[in-house]
Amino acid sequence: MVVLCATWGMQQVALKATAADMAPAMQIGLRSGIAACLVALVMHLRGERMSLRDGTLLPGLAVGVLFALEFLLVAEGLRHTSASHMVVFLYTAPIFAALGLHWRQPAERLGVLQWSGIALAFSGIAMTFLGRGHAAAADASSILWGDFLGVLAAISWAATTVVVRCSVLSTASPAKTLQYQLVMACVLLLAGAVVTGQSHVNWTPAVWASLAFHGIIVSFASFLAWFWLLRTYQASRLGVFSFMTPLFGMVFGAWLLNEPLDTRFLMGAVPVLLGVVLVSAG
């Protein structure tokens with residue numbers, strides 16, 4: 001789980017580092033296509049069929065669109081804000097997922113601990129945004145816009161979780177659910193990159209390395225490892241461990257990209273992350 005968190009924390013950093021040679025939207029679309037081919041191979045070796053007549057088509061398309069929207073927002077947000085900011089806001093998704101499941105699933109009602117965590121997390125988000133409202137930097141508004149897109153990406157990720165939990169996908173093969181997401185992300189993000197003029201690629205060694213890292217390690221191996229962990233260990237304990245992902249993201253962003261971690265952002269990030277831990281622990 002520590003290795004997975006470090007891997008997930010690194011992905012936004014790798015996208016940001018190679019953004020000048022390949023737009024994040026283009027890179028995420030291509031990595032999704034690579035991972036979809038690898039997942040299809042695994043399903044074939046396991047004898048799993050990608051049947052569209054088992055009731056999973058409509059919810060599968062829904063989670064695919066939400067998954068693509070999440071990473072479209074991440075890709076656009078990384079053009080305006082830092083990788084360390086993006087990973088913190090993206091991993092507020094458990095907060096929004098808990099709210100959605102509280103509304104949709106009677107068995108997922110929130111207790112006092114979870115509501116306290118949600119209040120703490122939202123206060124941290126408010127501190128992060130309002131605390132930088134008077135920043136002197138000329139690009140402060142651009143950074144705020146990128147951070148806001150990170151929050152919207154988290155909401156999209158949470159909506160994906162709610163659809164999976166509240167539909168026939170909750171009993172479907174994890175590989176099949178992942179395949180819906182990867183195929184839709186590949187199609188929609190590549191189309192979006194072409195339409196918005198972000199399809200140009202400068203094939204440098206760093207771009208090749210980043211694409212291999214995202215397509216094979218992140219979108220394929222780490223997701224399958226995550227599904228295996230969910231079947232082997234308690235989901236609540238794994239959720240608490242995932243708290244390390246934004247911490248890794250901030251460390252990698254500051255270390256590899258020299259991204260500044262200003263005091264105002266850290267003051268808001270701490271209650272956000274603590275709130276996520278409280279919700280996940282509950």
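**Close-up views of a predicted model**

**View 1. The largest pocket and its lining.** The largest pocket has 41 lining residues, and Trp 157, Thr 161, Arg 165, Trp 226 and Leu 230 are the ones nearest its centre. A pocket is an open set of points on a 1 Å grid over the protein atoms alone, with protein on both sides within 12 Å along at least five of seven lines; lining residues have an atom within 4 Å of a point. The model is predicted: local features need pLDDT of at least 70, side-chain atom pairs count only at pLDDT 80 or more, and totals for chains, interfaces and linings use all residues. Residues are numbered from 1 along each chain as its sequence is written, and side-chain values use heavy atoms, with hydrogens and water left out.

The pocket holds about 1600 Å³ of space. Volume here is the space filled by probe spheres set on the points, with grid points joined across faces, edges and corners. By class, the lining has 24 nonpolar, 12 polar and 5 charged residues. Ala, Val, Leu, Ile, Met, Phe, Trp, Tyr, Cys and Pro count as nonpolar, Asp, Glu, Lys and Arg as charged, and the others, Gly among them, as polar.

**View 2. Helices around the largest pocket.** Helices supplying at least two lining residues each include α1 (2–17), α3 (57–77), α8 (174–195) and α9 (205–232). Helix α7 gives the most, with 6 residues. Helices are DSSP runs (H or I, at least four residues), numbered from the N terminus.

**View 3. Gln 11 in helix α1.** Gln 11 sits in α1. Its relative accessibility is 5%, so Gln 11 counts as buried (under 20% relative accessible area, 1.4 Å probe, protein chains only). Beyond its neighbours within four places in sequence, Gln 11 contacts Arg 31, Phe 71, Tyr 91, Phe 213, His 214 and Val 218. Contact means heavy atoms within 4.5 Å.

**View 4. The largest cavity.** The structure has 1 cavity of 30 Å³ or more. A cavity is a set of points where a 1.4 Å probe fits but cannot get out. The largest cavity holds about 40 Å³. Tyr 91, Pro 94, Ser 242, Phe 243, Pro 246, Leu 273 and Val 276 line it.

**View 5. Helix α4 against helix α11.** Helices α4 (residues 83–90) and α11 (residues 244–256) pack at about 175°, with axes 8 Å apart. Axes are lines fitted to C-alpha atoms over the stretch in contact, and angles run from 0 to 180 degrees between N-to-C directions. The two helices are therefore roughly antiparallel (over 145 degrees). Ser 84, Val 87 and Val 88 of α4 meet Thr 245, Pro 246, Gly 249 and Met 250 of α11.

Key:
Angles under 35 degrees count as roughly parallel, over 145 as roughly antiparallel, 65 to 115 as roughly perpendicular and the rest as oblique. Buried means under 20% relative accessible area, exposed over 50%, partly exposed in between (1.4 Å probe, protein chains only).
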